[in-house]
Amino acid sequence: MQNHSFHNPIIDKTSILVTEVRISPNLSNATVYISTLVGINNSENLISALNNACRPLIGPLTREFKLRRAPRLHFLFDDSL
């Protein structure tokens, strides 16, 4: 995510921290918990934008981890911090 431009001002201007990733046993689904450095002001818009714009991340992720199947990414806001 750090090296990728989403061409979305909500995502590109926000410092995103990945706090946890939970992967299903068959590696087909991944839930990505994120937090931001600025707090939870715009969290619903950010999560919606990430879930809609995550498609370009799947190819590099699959190649880097040498997966046979591309996982479906689902982003959720982690408010525990």
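Q: Which residues is Ile-34 in contact with, leaving aside its neighbours within four places in sequence?
A: Ile-34 is in contact with Ile-16, Leu-17, Val-18, Thr-19, Leu-46, Ile-47, Leu-50, Phe-75, Leu-76, Phe-77 and Asp-78. Contact here means heavy atoms within 4.5 Å.

Q: What are we working from?
A: This is a predicted model: local features need pLDDT of at least 70, side-chain atom pairs count only at pLDDT 80 or more, and totals for chains, interfaces and linings use all residues. Residues are numbered from 1 along each chain as its sequence is written, and side-chain values use heavy atoms, with hydrogens and water left out.

Q: Which residues touch the most other members of the largest nonpolar core?
A: Ile-11, Ile-34, Leu-50, Leu-73 and Phe-75, out of 16 residues. A nonpolar core is a set of buried Ala, Val, Leu, Ile, Met, Phe, Trp, Tyr and Cys residues joined through side-chain atoms within 4.5 Å. Buried is under 20% relative accessible area, exposed is over 50%, and partly exposed is in between (1.4 Å probe, protein chains only).

Q: Which elements each supply at least two residues of this core?
A: Strand E2 (29–36), helix H2 (43–53), helix H3 (55–64) and strand E3 (72–77). H2 gives the largest share, five residues. Helices (H or I, at least four residues) and strands (E, at least two) are DSSP runs, numbered from the N terminus.

Q: Which residues of H3 are buried?
A: Leu-57, Ile-58 and Thr-62. Down the axis of H3, the buried residues fall within an arc of 125 degrees, so they line one face of the helix. That arc is taken from the directions from the helix axis to the C-beta atoms. E3 is included in what covers them.

Q: And what exposed residues does the face turned away carry?
A: Arg-63 and Glu-64. After H3 comes Lys-66, with a positive phi near 55 degrees.

Q: New topic. How many salt bridges does a search of the whole structure find?
A: One. The side chains of Arg-22 and Glu-20 meet at 2.8 Å, N to O. The criterion is a side-chain nitrogen of Lys or Arg within 4 Å of a carboxyl oxygen of Asp or Glu.

Q: Is Arg-22 buried, exposed or partly exposed?
A: Partly exposed, with a relative accessible area of 47%. Glu-20 is also partly exposed, at 33%.

Q: Last one: is Asn-52 buried or exposed?
A: Exposed, at 65% relative accessibility. Asn-52 sits in helix H2. Its C-alpha is 9.6 Å from that of His-74, 22 residues apart in sequence.
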